[in-house]
Amino acid sequence: MTKSELIAFLADRHNTLSRQDLDDAVKLMLQHMTDTLAAGHRIEIRGFGSFSLHARPARIGRNPRTGEPVALPARRATYVRPGKELRERVNAQAA
C-alpha cells in the first residue's frame, strides 16, 4: 500500500472529511514519526509494532566488482518489530 492508496482508502471510509484534510493528516503523522526516529527516540504503536534505531559500527567492506576494501562509516538503521496482533494476522493468512 502506498501513501496515496492509504489516503484514498481513508477518504472512502470517512466521507465527512475532505481528501485534502486526510492527506495533511497522513503527511503530518509520517513526518512526526520520521522526526521522532531522527531524534533517536523509539515509536510504539500497540497492535501494529515498534520502530527503533540500531547502531551499525564502522567496518571494512568490499567493492563487489573489484574486490577492493572500502571503508564503510558507522550508521543507524531503522528496525521494525511487528506487534503480536499484526504477526498473528499475517501468519493466519499465510496458513
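Student: Let's start with Phe48: is Phe48 buried, partly exposed or exposed?
Tutor: Phe48 is partly exposed, because its relative accessible area is 42%. Buried means under 20% relative accessible area, exposed means over 50%, and partly exposed is in between (1.4 Å probe, protein chains only). Keep in mind that this is a predicted model, where local features need pLDDT of at least 70, side-chain atom pairs count only at pLDDT 80 or more, and totals for chains, interfaces and linings use all residues. Residues are numbered from 1 along each chain as its sequence is written, and side-chain values use heavy atoms, with hydrogens and water left out.

Student: How many aromatic pairs does a search of the whole structure find?
Tutor: The search turns up one aromatic pair. Phe48 and Phe51 form this pair, and they are stacked, at 6.4 Å centre to centre with 25° between the planes. Rings of Phe, Tyr and Trp (its six-membered ring) pair if their centres lie within 6.5 Å; planes under 30 degrees apart are stacked, over 60 edge-to-face, and the rest tilted.

Student: And Phe51, buried or exposed?
Tutor: Phe51 is buried, because its relative accessible area is 15%.

Student: Where does Ser52 lie?
Tutor: Ser52 lies in strand E2, residues 49–56. Helices (H or I, at least four residues) and strands (E, at least two) are DSSP runs, numbered from the N terminus. Ser52 is buried too, with a relative accessible area of 15%.

Student: Which residues does Ser52 touch, not counting those up to four places away in sequence?
Tutor: Ser52 touches Leu37, Arg42, Ala77, Thr78 and Tyr79. Contact here means heavy atoms within 4.5 Å.

Student: New topic: what does the whole protein chain look like in secondary structure?
Tutor: The chain has three helices and five strands, and along the sequence they follow the pattern α-α-β-β-β-β-β-α. Its radius of gyration is 19 Å, well over the 12 Å that the globule rule gives for 95 residues, so the chain is more spread out than a compact globule. That radius is taken over C-alpha atoms, and the rule is 2.2 Å times the number of residues to the power 0.38.

Student: What does the C-alpha trace span along its principal axes?
Tutor: The trace spans about 60 × 35 × 30 Å.

Student: How much of the chain is made up of buried residues?
Tutor: Buried residues make up 17% of the 95 residues.

Student: What about contacts between residues 24 or more positions apart?
Tutor: Such residues account for 30% of the chain's contacts with a separation of 6 or more.
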